[in-house]
Amino acid sequence: MSHSSSSRAGRHLVLVGLMGVGKSTVGRALAAQLDRPLFDSDDMIVARTGRTVREIWVDDGEATFRELETEVLRDALAADEPSVIAAAGGIVLREQNRELLKSAPADVVWLLADRDVLLDRVCNGGHRPLLDDDPAGTLARMAEERGPLYQEVADAVVSVDRRSVNDVVKAVLRCIA
Ligand code: S3P
């Protein structure tokens, strides 16, 4: 884990974890509960470019998408007002982003789920072109490759398995208190 926990007042709350773990859903619930703005990195990219994640991915390639991801992460973390940030699954891939997450005034919570839970939740199409082929195999590889990266940036880990959104919210709030 990257840094010691401290009071959440004044700090952003960032959710990281694999696709399908519920970062956006849990992020929305946390933002409502804490009365904070929610920044969802995928939504920020769509708002900024006027294009869907899939369009950017297909037309410009992953590298362009990852560059946009760094931009929106930097902007979200730079906001004065403490927010909840739902960071898309691949945000930890760039070292630059991991450094941003570790150095920002932010509590980073890694949402973790069993592979079967993730597979149940992700569906074809939409904003996840990486899962177009062999979603099970891809998620398994990602879990292996990205686990250490999530761990590197996380201040806390919360399992979402067999827990309602409300329970996950409570667990997140407990571990950053
Ligand atoms: C990705 C996760 C997606 C989206 C894109 C790439 C990834 O976001 O940014 O498909 O590399 O893990 P979610 O984690 O919100 O599904």
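Guide: Tryptophan 110 and tyrosine 150 are both buried, where buried means under 20% relative accessible area, exposed means over 50%, and partly exposed is in between, with a 1.4 Å probe and protein chains only. This is a predicted model, in which local features need pLDDT of at least 70 and side-chain atom pairs count only at pLDDT 80 or more, while totals for chains, interfaces and linings use all residues. Residues are numbered from 1 along each chain as its sequence is written, and side-chain values use heavy atoms, with hydrogens and water left out.

The structure contains 2 aromatic pairs. Rings of Phe, Tyr and Trp (for Trp, the six-membered ring) pair if their centres lie within 6.5 Å; planes under 30 degrees apart count as stacked, over 60 as edge-to-face and the rest as tilted. Tryptophan 57 and phenylalanine 65 make a tilted pair, 5.2 Å centre to centre with 55° between the planes. Tryptophan 57 and phenylalanine 65 are also buried. For tryptophan 110 and tyrosine 150, the ring centres are 5.7 Å apart and the planes stand at 35°, so this pair is tilted. The pair links distant parts of the chain, with tryptophan 110 in strand β4 (residues 106-112) and tyrosine 150 in helix α7 (residues 135-153), 40 residues apart. Helices (H or I, at least four residues) and strands (E, at least two) are DSSP runs numbered from the N terminus.

In β4, 6 of the 7 residues are buried, so the strand is largely enclosed by the rest of the structure. β4 pairs with strand β5 (residues 156-159) in the parallel sense over 4 bridges, where two strands pair if DSSP finds at least two bridges between them. Within that pairing, tryptophan 110 stands opposite valine 157 in β5. β4 is also joined to β1 by 5 bridges, and these two strands run parallel. Here the residue opposite tryptophan 110 is valine 16, while leucine 13 has aspartate 107 of β4 as its bridge partner.

β1 (residues 12-16) is itself mostly covered, with 5 of its 5 residues buried. The cover extends to both faces: His12, Val14 and Val16 lie on one side, Leu13 and Leu15 on the other, and all are buried. Strand β3 (residues 84-86) runs parallel to β1 and is joined to it by 3 bridges. In β3, alanine 86 stands opposite leucine 15.

Histidine 12 belongs to strand β1. Histidine 12 counts as buried because its relative accessibility is 3%. A polar atom of the histidine 12 side chain lies 3.1 Å from the backbone oxygen of alanine 79. That is a polar contact, meaning a pair of N or O atoms within 3.5 Å; within protein, one must be able to donate a hydrogen and the other to accept it, and residues adjacent in sequence count only if both atoms are side-chain atoms. Not counting residues up to four places away in sequence, histidine 12 touches a list of residues including Arg36, Glu81, Ile85, Pro105 and Asp107, where contact means heavy atoms within 4.5 Å.

Threonine 70 sits in helix α4 (residues 62-78), and at 1% relative accessibility threonine 70 counts as buried. With residues up to four places away in sequence left out, threonine 70 touches Arg94, Gln96, Asn97 and Leu100.

Aspartate 116 is in helix α6 (residues 115-121) and is exposed, with a relative accessible area of 60%. Its C-alpha atom is separated by 31 Å from that of alanine 76, 40 residues apart along the chain. Glycine 50 is in the loop between α2 (41-49) and α3 (53-60) and counts as exposed at 64% relative accessibility. Glycine 50 and aspartate 114, 64 residues apart in sequence, are 34 Å apart in space, C-alpha to C-alpha.
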